[in-house]
Amino acid sequence: MSKVIVARRSVLLGSAALALVPIAAWANPDVGKPAPLFTGTDSNGKTWSLADLRGKVVVLETTNHDCPYVGKHYRATNMQTQQHEAAAKGVVWLTLASSATGEQGYVTAAQANDLTRSRNAAPAAVLLDPQSKIARAYGATVTPHMYVIDATGVLVYKGGIDSIPSADMADIPKATQYVRVALDDVLTGKPIAEASTRPYGCSLKYPRDSS
């Protein structure tokens, strides 16, 4: 392989948004253990506490609307479809806007609500987490990074939304939808076969002084 081709590949890989290696994880909660408790304020000013959601299955979705991997799932309506499905089953789906102020993906409350409306998204709430406190507690490294918490408050799934780490919408129908499968299992009392998978997406934009 020529040096020119190697150099070009290095540039492409270096500029890619894909991140598979943890880069800013302050915690790494274990599946099968109590999920880290948190309290956050949503884009409508309502306070949400994981402790108050005991008895409900909860999904956490880290997001960055400028990330092509997040965009893939929203443009294809895969994320919205799963949000609607989850809501119909009584699951509380919380989207975490955890990009730091001034970083890619940061949104104000109004911007978060505009995105929800324009994309026909259906989370129970968009939690504004510009100091990345919730994301940090869960060791989130990318967007989207997905978590499922059962009705007893135990973390039962963490990882990618699906099995094909690409930004190509055409891959969605071919992929195993890990979150959908995990929700089906937890809601029917079955063990989750793949409870921890490798997340993929854009590096989560933590505050610069927190790394």
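Predicted model: local features only at pLDDT ≥ 70, side-chain atom pairs only at ≥ 80, totals over all residues.
Trainee: Before we start, what should I know about the numbering and the model?

Mentor: Residues are numbered from 1 along each chain as its sequence is written.

Trainee: Thanks! How many helices and strands does the protein chain have?

Mentor: Helices (H or I, at least four residues) and strands (E, at least two) are DSSP runs, numbered from the N terminus. Here the protein chain has six helices and nine strands.

Trainee: And how do I read "buried"?

Mentor: Buried means under 20% relative accessible area, exposed means over 50%, and partly exposed lies in between, with a 1.4 Å probe and protein chains only. Of the 211 residues in the protein chain, 50% count as buried.

Trainee: Which strands make up the open sheet, and in what order?

Mentor: Let's begin with the general idea. Strands of a sheet pair through backbone hydrogen bonds, either parallel or antiparallel. Two strands count as paired if DSSP finds at least two bridges between them. In this model, an open sheet of seven strands runs in the order β2-β1-β5-β4-β3-β7-β8, with mixed pairing. At the edges stand β2 (47-49) and β8, each with a single partner strand, so one side of each is left without a neighbour in the sheet.

Trainee: Which pairs are parallel, and which are antiparallel?

Mentor: β3 and β4 pair in the parallel sense over six bridges, and Glu-61 has Thr-95 in β4 as its bridge partner. β4 and β5 also run parallel, joined by four bridges, with Ala-97 opposite Leu-128 in β5. For an antiparallel case, take β1 (residues 39-42) and β5 (residues 125-128), which pair over two bridges. There, Asp-42 has Leu-127 in β5 as its bridge partner.

Trainee: Now the helices. Which residues of α2 are buried?

Mentor: They are Tyr-69, Val-70, Gly-71, Lys-72, His-73 and Tyr-74. Six of the eight residues of α2 are buried, so this helix is largely enclosed by the rest of the structure. The buried residues of α2 pack against β3, α3, β4, β6 (142-143) and β9.

Trainee: What about α3?

Mentor: In α3 (residues 78-88), the buried residues are Asn-78, Met-79, Gln-80, Gln-82, Gln-83 and Ala-86. Their cover includes β3 (58-63), α2 (68-75), β4 (92-97), β7 (146-149) and α6 (178-187).

Trainee: Which residues touch the most other members of the largest nonpolar core?

Mentor: A nonpolar core is a set of buried Ala, Val, Leu, Ile, Met, Phe, Trp, Tyr and Cys residues joined through side-chain atoms within 4.5 Å. The largest one has 26 residues, and Val-59, Trp-93, Met-146, Val-148, Tyr-157, Val-179 and Leu-183 touch the most other members. The elements giving two or more residues to this core are α2, α3, β7, β8 (155-159) and α6. α6 gives the most, with five residues. A second, separate core of 21 residues includes Leu-127, Ile-134, Tyr-138 and Leu-155.

Trainee: Which cysteines form a disulfide?

Mentor: A disulfide is a covalent bond between the sulfur atoms of two cysteines. The rule used here is a pair of cysteine sulfur atoms within 2.5 Å, and the count comes to one disulfide. Cys-67 and Cys-202 form it, with their sulfur atoms 2.1 Å apart. The pair links distant parts of the chain, 135 residues apart: Cys-67 is in the loop between β3 and α2, and Cys-202 is in strand β9 (residues 202-203). Cys-67 counts as buried at 1% relative accessibility, and Cys-202 is buried too, with a relative accessible area of 2%.

Notes
Heavy atoms only, no water. Contact = heavy atoms within 4.5 Å.
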